[in-house]
Every structure is written in C-alpha cells, then in structure tokens.
Amino acid sequence: MDTNRILAELRAERDRIDRAITAIEAINSTGHRRVGRPPRAAEKPRRRGRLSAAARARIAAARRVRWAKVKQSHASKPVRRMSAAARRKMSRLLKQRWAEGKMTRRAKAR
C-alpha cells in the first residue's frame, strides 16, 4: 500500500473530526447567560465568626456544670444487676434459639 495515500486519508479524517468537534462546541456555547443559581465555585466562601478566649471559657464552664448535673443524676440511680438465676435462664434461652436457627439453615440448605 502507498503510505502517502494512507497519510492523506488520515489527514482528511482528522479534518472531518476537527470540524465535527467545532460544530458541537458551537452548539454547547450559544452565548446565553446561565439561568438560575450560580455554581458553588462562584459563590464567595463563607467566613465563620471567631470566639474570644473569654467566650470559649464561659462555654467550657457551662459545659462542665451541665455534665456535672448529668453525672450526679446518674449516680443517684441504683444499678440494676441481673441475678445468677436470671443469667442462667437467659443463657439457656439464647443457646436454644441459636440451635434452632442453625437447624433451620441446615434444612434450607438441603
């Protein structure tokens, strides 16, 4: 095959592709302004306020008082513990439920 002819065909194909790209770009950029809210990048970054050291100290003190009250209310409630008999009963029931589930999975597999 003649390499010159191949090169000419490839250049012609490249020109056709360039024209198609130009036409598509012209369709997309019609020159109209965008309608609606501007994209996120165009917005100004929001500046957050800064707290003074005194304000941070007041907030921290209020937080400490609040948590002290919460801890105090929890400390006054008695801790309920499960008896040994209840623990044995719960263990037996859970083992039974686990065994039943295992058996149904085996039955489904067959």
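Student: Which helix holds both Arg-5 and Glu-9?
Tutor: In this predicted model, where residues are numbered from 1 along each chain as its sequence is written, local features need pLDDT of at least 70 and side-chain atom pairs count only at pLDDT 80 or more, while totals for chains, interfaces and linings use all residues. Side-chain values use heavy atoms, with hydrogens and water left out. Arg-5 and Glu-9 sit 4 residues apart, about one turn of the helix, and the helix that holds both, spanning residues 3-28, is H1.

Student: Happy with that! How far apart are N and O in the salt bridge of Arg-5 and Glu-9?
Tutor: A salt bridge here is a side-chain nitrogen of Lys or Arg within 4 Å of a carboxyl oxygen of Asp or Glu. The side chains of Arg-5 and Glu-9 meet in one, with an N to O distance of 3.6 Å.

Student: Nice. How many salt bridges does the count come to?
Tutor: One of them joins Arg-5 and Glu-9, and Glu-13 forms one with Arg-16. By the rule above, the count comes to 2.

Student: Why does Glu-13 count as partly exposed?
Tutor: Buried means under 20% relative accessible area, exposed over 50%, and partly exposed in between (1.4 Å probe, protein chains only). Glu-13 is partly exposed because its relative accessible area is 37%.

Student: Which residues make the nonpolar surface patch of about 250 Å²?
Tutor: Patches take residues with over 30% relative accessible area and no salt bridge, joining like charges within 9 Å and nonpolar side chains (Val, Leu, Ile, Met, Phe, Trp, Tyr) within 5 Å. One member, in helix H1, is Leu-7, partly exposed at 39% relative accessible area. The patch is made by Ile-6, Leu-7 and Leu-10.

Student: Zooming out, how many helices does the protein have?
Tutor: Helices (H or I, at least four residues) and strands (E, at least two) are DSSP runs, numbered from the N terminus. The elements run α-α-α, with 0 strands, and the number of helices is 3.

Student: In which helix is confidence highest?
Tutor: Confidence is given as pLDDT, from 0 to 100 for each residue, and the protein's mean is 84, with 85% of residues reaching 70 or more. Among the helices, the lowest mean is 86, in H3 (residues 84-109). The highest, at 91, belongs to residues 53-76, helix H2.

Key: pLDDT is the predictor's confidence in each residue, from 0 to 100. Accessible areas come from the Shrake-Rupley method with a 1.4 Å probe; for residues, only the protein chains shown count as cover.
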